[in-house]
Amino acid sequence: MSHPSTTISFFLTYFGGGGAERVLINLANGFVKSGYQVDFVLGQAWGPHLKKIPSEITVVDLKAAGSFASIRKLAQYLKHKEPQALISGMHFANEVAILAKRLVKTNTVVIATEHNTLTHSLRHNKNRKKRIIPFAIRLLYPWADRVVTVSQGATASLTEISSISPDKITTIYNPVIAPDLFSKANADIDHPWFQPGEPPVIIGVGKLEPQKDFPTLIRAFARVRKQLSCRLVILGWGPDLEKLKEFTAEMGVQDDVDLMGYVDNPYPYMARAQVFTLSSAWEGLPTVLIEALALGKPVVSTDCPSGPREILQGGKYGALTPVGDDVALAAAIGDVLGQQSQSDVSEWLHQFSIEASTNQYLDLINTLKTAA
């Protein structure tokens, strides 16, 4: 059923380069396909993924200098536009969205989304400003019409640090698998390591920061490299780039490790690698792990909280190893390189498709509108 006159809006403080922004674009595309008008409302319209927002989606730049200005300007937007729903993502966008609705009389339902396992991400966060997040969650999240988490693990984590009633939390898996994933994966790449006849490539993708624990992957790679000829490619940007380069030199594997930095299209590299590895210490629902499975790659992942165990159905669709255990990670990678077999996961992966996620969000919005 088409709703051409209705709007669903998203709110973020800016448009960063992470997995959460990618899945929000996928969800927005799902709403457009269902006949909705979609606005991306940004505190400030900047960020590495801004250019990836499709032309069918309207970008609204609040030009707000900081969170307090964002609250006032977002409230004005809600009063003027009154979208059916406002879906916010990340801190402090969730808090801003909840407060903005409190400032104006509007029937817009506000859905705050949690993309991480808060108990772990907050424990490791050294940013003083972000230390107030648990307090902000306990104070403000009960005012949201609904909080959506991206995995059962993220739900358990949110429940642990907040006083939110469980019936105000809904788990909806991210819309990760987009139709263009496969066409993007077919793009040509000229990297010499991915040419025919070269040794197998192990690949990792993610922001170069402690959460992704790439040192454990590099240590594991060094172990595998002693047993057989292979290479490691890591795609991603972040503060630990130089540190990781130094670490590969310390481990004596710098000639066989390529830290490529931010790559606009990682999928042809993922599609041509022999094994995809996730070494994270914690996650919410790791997008790249789902994408690797969709591309038919054998995967090895840490059994970190949360997401990998759910995505891999307890190890049925890929190996799970303890967090920080480079010996176990190396053994699992070696096993995969030795067998090169992969289960058919297409039916299992449907739950991570744009269609499945969009339908669940629309059902939730309709339920909340009816209850209002």
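1. Before we start, one cut-off: a residue counts as buried when its relative accessible area is under 20%, and as exposed when that figure is over 50%, with partly exposed in between. Asp-213 sits at 14%, so it goes down as buried. Keep in mind throughout that this is a predicted model.

2. Now the overall picture. The protein holds 15 helices and 13 strands. Its C-alpha trace spans about 65 × 45 × 35 Å along the principal axes. For 372 residues, a compact globule would have a radius of gyration near 21 Å, and the protein has 21 Å, so the two agree.

3. Of the 372 residues, 56% are buried. The protein exposes about 16200 Å², and carbon and sulfur atoms supply 52% of that. As for charge, there are 36 positive and 35 negative side chains, with the centres of the two sets 8 Å apart.

4. How do the contacts run along the chain? Take the contacts between residues at least 6 apart in sequence: 70% of them join residues at least 24 apart.

5. Next, the nonpolar interior. In soluble globular proteins, nonpolar side chains tend to be buried together. Here the largest nonpolar core has 37 residues, and the members that touch the most others are Ile-203 and Phe-276. Two or more residues each come from α7 (180–185), β8 (201–205), β9 (231–235), α10 (267–272), β11 (275–278) and α11 (287–294). Which of these elements gives the most to the core? That would be α11, with six residues.

6. Leaving aside neighbours within four places in sequence, Phe-276 is in contact with Ile-203, Gly-204 and Val-205, with Met-270, with Val-288, Leu-289 and Ala-292, and with Pro-298, Val-299 and Val-300. There is also a second, separate core of 31 residues; among its members are Ala-64, Ile-98, Ala-112 and Ile-169.

7. Slide along to Thr-277, which is found in strand β11. Is Thr-277 buried or exposed? Its relative accessibility is 1%, so it counts as buried. Not counting residues up to four places away in sequence, Thr-277 touches Ile-202, Ile-203, Gly-204, Leu-217, Val-300, Leu-329 and Ile-333.

8. The loop between β8 and α8 (214–227) deserves a look, as Asp-213 is found there. Asp-213 has a phi near 45°, a positive value in a residue other than glycine. Leu-208 has its place in the loop between β8 and α8 too. With a relative accessible area of 1%, Leu-208 is buried.

9. What does Leu-208 contact, leaving aside its neighbours within four places in sequence? The list is Phe-214, Ile-234, the run of Gly-236, Trp-237, Gly-238, Pro-239, Asp-240 and Leu-241, and finally Leu-244.

10. Pro-199 is in the loop between α7 and β8. Leaving out residues up to four places away in sequence, Pro-199 touches Trp-193, Ser-229, Cys-230 and Arg-231. Its C-alpha atom and that of Ser-151, 48 residues apart along the chain, are separated by 36 Å.

11. Glu-82 has a positive phi, near 40°, in a residue other than glycine. Is this residue buried, exposed or in between? At 37% relative accessibility, Glu-82 counts as partly exposed.

12. Lastly, have a look at two cis peptide bonds. One joins His-91 and Phe-92, with omega about 10°. Phe-92 is found in the loop between β4 (85–89) and α3 (93–103). Another runs from Pro-305 to Ser-306, with omega near -10°. Ser-306 has its place in the loop between β12 (299–302) and α12 (308–311).

Key
Residues numbered from 1 in each chain as written. Predicted model: local features only at pLDDT ≥ 70, side-chain atom pairs only at ≥ 80, totals over all residues. Heavy atoms only, no water. Helix = DSSP H or I, 4+ residues; strand = E, 2+ residues; numbered from the N terminus. Rg over C-alpha atoms; globule rule 2.2 N^0.38 Å. Buried < 20%, exposed > 50% of the residue type's maximum accessible area, 1.4 Å probe, protein only. Contact = heavy atoms within 4.5 Å. Areas by Shrake-Rupley, 256 points an atom, 1.4 Å probe, with all protein chains shown as cover. Lys, Arg positive; Asp, Glu negative; His and termini not counted. Charge placed at Lys NZ, Arg CZ, Asp CG, Glu CD. Core = buried A, V, L, I, M, F, W, Y, C linked by side-chain atoms within 4.5 Å.
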